[in-house]
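Trainee: I would like to learn how to read side-chain packing. Could you take me through a case?

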Amino acid sequence: MLAPAKHRFSVEDYYRMAETGVLRPDARVELLDGEIIDMSPIGPFHGGVVGRLTRLFTILSKDRWLVWPQNPLRLGDYSEPEPDVMLLKPSPDDYINRLPGAEDVLLLVEVSDSSLVIDVEKKLPLYGRAGVVEVWIINLEDLAIQINRDPHFNGYGSKTILRAGDQARPLAFPDTVVDVAELLKR
């Protein structure tokens, strides 16, 4: 007896569902490997950390990257996640004519509280397969940053956990310092 197969939705299907009202205009969803996943509501600590990162990265960019908060990333025909913050390679049109892809990402950040399982088990392997060079998962429950580098088909070859007293530095811009304790203070 054959097991039932899941139907995978393409990015094109996903957009068509939004256009025709199958997905409500205010629906907080992401397309991950053909599955439409409900996103958790954003609480104050989560939103504040995203805001701190956005402000810090904007101040430090000096036009070396574009800060792209809570916007879509096109990862092939079946995935369009919306990471919390990305640092993108500068684009002459600021990505108005196309969504950025994995090759445009210098750093991707997911801020995780109730979304930790999805971020680690679904999104992280997806980002690795796509070739996103560096992913930070900011774990709000444990007050830690998991830095993932060396992407491969199953995820990432290198994982480092940073806590209060440590500093995070993007691989592409090692002169950019994020103090873990300062970022995660309440």
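Mentor: Start with a charge over a ring: NZ of Lys or CZ of Arg is within 6 Å of the ring centre and within 35 degrees of the ring normal. Here the charged end of Arg186 sits over the ring of Phe45, 3.8 Å from the centre. Arg129 lies over the face of Phe153, at 5.8 Å from the ring centre. The model is predicted; local features need pLDDT of at least 70, side-chain atom pairs count only at pLDDT 80 or more, and totals for chains, interfaces and linings use all residues. Residues are numbered from 1 along each chain as its sequence is written, and side-chain values use heavy atoms, with hydrogens and water left out.

Trainee: How many aromatic pairs does the structure hold?

Mentor: A pair of aromatic rings is described by the distance of the centres and the angle of the planes. Rings of Phe, Tyr and Trp (its six-membered ring) pair if their centres lie within 6.5 Å; planes under 30 degrees apart count as stacked, over 60 as edge-to-face and the rest as tilted. The structure holds 5 such pairs. Phe57 and Trp65 have ring centres 6.4 Å apart and planes at 90°, so this pair is edge-to-face. Trp68 and Tyr95 are also edge-to-face, at 5.8 Å centre to centre and 70° between the planes. That pair links distant parts of the chain: Trp68 is in strand E3 (residues 66-69), Tyr95 in the loop between E4 and E5, 27 residues apart. Helices (H or I, at least four residues) and strands (E, at least two) are DSSP runs, numbered from the N terminus.

Trainee: Are Trp68 and Tyr95 buried or exposed?

Mentor: Buried means under 20% relative accessible area, exposed over 50%, partly exposed in between (1.4 Å probe, protein chains only). Both Trp68 and Tyr95 are buried. Phe57 and Trp65 are buried too.

Trainee: Which residues of helix H1 are buried?

Mentor: An α-helix has 3.6 residues a turn, so residues three or four places apart point the same way. In H1 (residues 11-20), the buried residues are Val11, Tyr14 and Met17. They fall within an arc of 120° (from the directions of the helix axis to the C-beta atoms), so they line one face of the helix. The face turned away from that buried side carries the exposed residues Glu12, Glu19 and Thr20. Just after H1, Gly21 takes a positive phi of about 90°.
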